[in-house]
Amino acid sequence: MKIGILSSGGDCPGINATIRGVGKTAIMHYNMEVIGIHSGFSGIIEKDIQEFDEQTLSGILNLGGTILGTSREKPLRKQLEIPESEKAEIIRRNYKELGLDCVVCIGGNGTQKTANVLVNLGLNVIGVPKTIDNDIWGTDITFGFDTAVNIATGAIDRLHSTASSHKRVMVVEVMGHHAGWIALYAGMAGGADVILLPELGYDMEIVTNMIWERAKKGKPYSIVVIAEGIDSPNRKRPVDYITKQIEAVTGIETRETVLGYIQRGGNPSPFDRNLATRLGGHATELIANKQFGRMVCMKGDTVESIPLSEVAGKLKLVTHEHDLIKQGERMGISFGK
Ligand code: F6P
């Protein structure tokens, strides 16, 4: 068999470990041919590819980013100046001309949705979930998340010293437009006093009261962790709004820190390397067994797969019932409600 691998959407620690997991299993265990497709789905349209062998897949396990390059191109939307119907035809034709038996699509929610569109075009496709946001429906965890939580927690740890030395409130913004998984896990691990998630909403008065109560108890320093996607009035960046409100209402000096892309750069954690390797290997096993149209996923510590059609268009969000939130509330941590 001959397979293609592409990565699409934002980069994320663990993509290269996945490429290696898929590719080496394919070449060494199943005797398949493997090509890499550059820059996401646009690489299929432009036939921008490279051959993979054992050598080219060596030395990439611990590399951040993706050796294939990535893009947010949605091939069946109006991009690349080619009409949609023609693009579908180009994709089918190039897939055939490249002699592919399957394309492995490594990516987040958007990628899995597009992968399902390719299934409907008649292509054999396997999805591998990837995102630091951990918000892909159907899998308990995605690689990249553990690395991002480690980076964010390390940053929060470092902010504690300024908070306590200067008696300040430190507001830290972490990634997560729709889902607050990084804020929840890094906030709890970093000992935050307030954690705000897009899914739960928040009441500003509860947040400022909590900080004021701490000050009255002799703790004029607090750590507030917010996800970038929380609501804020007047289209202000949430981190600016929260910082200004806290300072204005409590009178305590308040500073902001935005972690940004640092959270998804650099080497994957050992946990993410192994997760990516297992998911990659299982993707190849599905191909060998001709079980196409599926996304590999984790259920507890078991690698499984589900139909891409079940994943497409859904998100895995934090709920108020999450054990870490319940436990946080029992210890006086505020989630803004
Ligand atoms: O990878 C997911 C994510 O990191 C989000 O949390 C973030 O908002 C988004 O990607 C931003 O990525 P880009 O600027 O590359 O579109």
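Colleague: Where is Asn31 found?

Modeller: This is a predicted model, in which local features need pLDDT of at least 70 and side-chain atom pairs count only at pLDDT 80 or more, whereas totals for chains, interfaces and linings use all residues. Residues are numbered from 1 along each chain as its sequence is written, and side-chain values use heavy atoms, with hydrogens and water left out. Helices (H or I, at least four residues) and strands (E, at least two) are DSSP runs numbered from the N terminus. On that numbering, Asn31 is found in the loop between helix 1 and strand 2 (33-37).

Colleague: Is Asn31 buried or exposed?

Modeller: Buried means under 20% relative accessible area, exposed means over 50%, and partly exposed lies in between, with a 1.4 Å probe and protein chains only. Asn31 has a relative accessible area of 68%. Because that value has to be set against the cut-off of over 50%, Asn31 is described as exposed.

Colleague: What is phi of Lys290 near?

Modeller: Lys290 is found in the loop between helix 9 and strand 10, and with a relative accessible area of 57% it is exposed. Asn31 has a positive phi of about 60° although it is not a glycine. Lys290 is likewise a residue other than glycine with a positive phi, and its value is near 55°.

Colleague: Which residues does Ile35 touch, not counting residues up to four places away in sequence?

Modeller: Ile35 is found in strand 2, and because its relative accessibility is 0% it counts as buried. Contact here means heavy atoms within 4.5 Å. Leaving out residues up to four places away in sequence, the residues that Ile35 touches are Lys2, Ile3, Gly4, Ile5, Ile49, Gln50, Glu51, Phe52, Leu98 and Leu100.

Colleague: With which residues is Thr114 in contact, leaving aside its neighbours within four places in sequence?

Modeller: Thr114 lies in helix 4, which covers residues 109-120. With a relative accessibility of 9%, Thr114 counts as buried. Once its neighbours within four places in sequence are left aside, Thr114 is in contact with Phe41 and Pro75.

Colleague: What distance separates the C-alpha atoms of Lys96 and Leu123?

Modeller: Lys96 lies in helix 3, where it is exposed, with a relative accessible area of 69%. Leu123 is 27 residues apart from Lys96 along the chain, and their C-alpha atoms are separated by 9.3 Å.

Colleague: Which parts of the chain does the salt bridge of Arg264 and Asp11 link?

Modeller: Side chains of opposite charge can pair when their charged atoms come close. A salt bridge is a side-chain nitrogen of Lys or Arg within 4 Å of a carboxyl oxygen of Asp or Glu, and the side chains of Arg264 and Asp11 meet in one at 2.8 Å, N to O. The pair links distant parts of the chain, 253 residues apart: for Arg264 the loop between strand 9 (254-258) and helix 9 (270-288), and for Asp11 the loop between strand 1 (2-7) and helix 1 (15-29).

Colleague: How many salt bridges does a search of the whole structure find?

Modeller: Besides the pair of Arg264, which is buried at 17% relative accessibility, and Asp11, which is partly exposed at 24%, the side chains of Glu253 and Arg255 meet in a salt bridge of 3.6 Å, N to O. A search of the whole structure finds a total of nine.

Colleague: Which residues do salt bridges that share partners join into one network?

Modeller: Asp301 forms a salt bridge with Arg278, the closest N and O atoms being 3.0 Å apart. Asp301 lies in the loop between strand 10 (294-299) and strand 11 (302-307) and Arg278 in helix 9, so the pair ties together parts that are 23 residues apart in sequence. Asp301 counts as exposed at 58% relative accessibility, whereas Arg278 is partly exposed at 37%. Elsewhere, salt bridges that share partners join into one network Arg168, Glu253 and Arg255.

Colleague: What is the relative accessible area of Asp53?

Modeller: Asp53 belongs to a negative surface patch together with Glu33, Glu51 and Glu54, and its place is in the loop between strand 3 (49-52) and helix 3 (84-97). Patches are made of residues with over 30% relative accessible area and no salt bridge, like charges being joined within 9 Å and nonpolar side chains (Val, Leu, Ile, Met, Phe, Trp, Tyr) within 5 Å. Asp53 is partly exposed, and its relative accessible area is 36%.

Methods:
Areas by Shrake-Rupley, 256 points an atom, 1.4 Å probe, with all protein chains shown as cover. Lys, Arg positive; Asp, Glu negative; His and termini not counted. Charge placed at Lys NZ, Arg CZ, Asp CG, Glu CD.
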